[in-house]
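Subject: Structure handover

Hello,

Here is the structure you asked about. Please open it alongside this note; my findings follow below.

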Amino acid sequence: MSNRCIYQPKGAAEEYGAWACNLYNGCSHHCDYCYCKRGVWANTMGVDKPELKAMLGKDTNEAYLIFARELKQHRDKILAAGDGLFFSFSTDPMLCEEIDLTMRCVQECVIQDVPVQILTKATWWTRCGNEYEGDYLRRLVAWNNYVTIGVTLTGHDELETDAPTNKERIDLLSRLHTLHIPTFVSLEPVVDFESSLKMILDTLHYTTEYRIGLMSPMKKDYYDHSKCERFIHKVTELSHEYGFVVKWKQSIRKLYEVGLPLLKLTDGKK
């Protein structure tokens, strides 16, 4: 992982965006499948409480100044890549410990005309009666030409111990859609194809884009090829009927092609 806050991700992460920003490491959702809890980064990215990255200094003001400097440095390359700046691969940037710095950095992106993608499971910041909800939502509505918010859905609350329920996240998606804030759904990881299909059916009126990928790392024989094929064909049919975009990640493309070596998967087409 980069020792900068703005960097160019590699591998599967690159499929979400050519440029990304990690301000914090760690997350309090405690999802069983989290890739950050495995491997060499488990003691930093996989911690149970978000911690400001060490290279960003001792407080959020210093972190913001470092972010603004890096954004100015990389701005032209980020714009040339075309998909903006992605928040975040090492945490949930809308957790209560992080949201103020996240929003401050997003505002800097808006000032510099840099589009932003935010991926979250957090819903507390829009819950009815929350004292902060008006301020956060007002700013996001004002920035809706720059900001797209993604919501991760799996259909398996039992694997996401301290995260809001999938229903609460769907309610968040619906509310953002009503406020004309662009959204996408991350169906990654697919725990099982039946649950992921249900998540699509429950949200297809609230978003225009789905990003679909499998477990990381993927265990041998975890997924059934025939179920994968049926899922892909059904989602493709739905995308034609309802007009949403599907971005199939390489993990699911590879599984599909292993099971059906003579067929190729293309976005939105059989």
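A word on terms before the counts: helices (H or I, at least four residues) and strands (E, at least two) are DSSP runs, numbered from the N terminus. On that basis the protein chain has seven helices and 10 strands. Please keep in mind that this is a predicted model.

**Overall**

Of the 270 residues in the protein chain, 50% are buried. The chain exposes about 13100 Å², with carbon and sulfur atoms supplying 52% of that area. Among contacts with a separation of 6 or more, 71% link residues 24 or more positions apart.

**The sheet**

Eight strands make an open sheet with mixed pairing. The order is β1-β2-β5-β6-β7-β8-β9-β10. β1 (6–7) and β10 (245–248) sit at the edges. Each has a single partner strand, so one side of each lacks a neighbour in the sheet.

Now look at β6, residues 116–120. Is this strand buried or exposed? Five of its five residues are buried, so β6 is largely enclosed by the rest of the structure. In a regular strand the side chains alternate between the two faces of the sheet. In β6 both faces are covered. V116, I118 and T120 are buried on one side, and Q117 and L119 on the other. β6 pairs in the parallel sense with β5 (residues 85–87), over three bridges.

Helix α6 (residues 225–242) lies across β9 and β10, at about 150° to β10.

**The cores**

The largest nonpolar core holds 69 residues. Which of them touch the most other members? They are L23, F67, L85, F87, W125 and I212. Leaving out residues up to four places away in sequence, I212 touches L187, V190, I200, F231, V235, V246, K247, W248, K249 and I252. There is also a second, separate core of seven residues, including Y16, A20, L119 and F184.

**A helix pair**

Two packed helices are described by the angle between their axes and the distance between the axes. For α4 (residues 166–178) and α5 (residues 193–203), the angle is about 35° and the axes are 11 Å apart. Their crossing is right-handed. N166, I170 and L173 of α4 make the contact with M199, D202 and T203 of α5.

Best wishes

Notes. Residues are numbered from 1 along each chain as its sequence is written. This is a predicted model: local features need pLDDT of at least 70, side-chain atom pairs count only at pLDDT 80 or more; totals for chains, interfaces and linings use all residues. Side-chain values use heavy atoms; hydrogens and water are left out. Two strands pair if DSSP finds at least two bridges between them. Contact means heavy atoms within 4.5 Å. Axes are lines fitted to C-alpha atoms, for helices over the stretch in contact, and angles run from 0 to 180 degrees between N-to-C directions. Buried means under 20% relative accessible area, exposed over 50%, partly exposed in between (1.4 Å probe, protein chains only). Accessible areas come from the Shrake-Rupley method with a 1.4 Å probe; for residues, only the protein chains shown count as cover. A nonpolar core is a set of buried Ala, Val, Leu, Ile, Met, Phe, Trp, Tyr and Cys residues joined through side-chain atoms within 4.5 Å. A crossing is left-handed if the near helix is turned anticlockwise from the far one by less than a right angle, and right-handed if clockwise.
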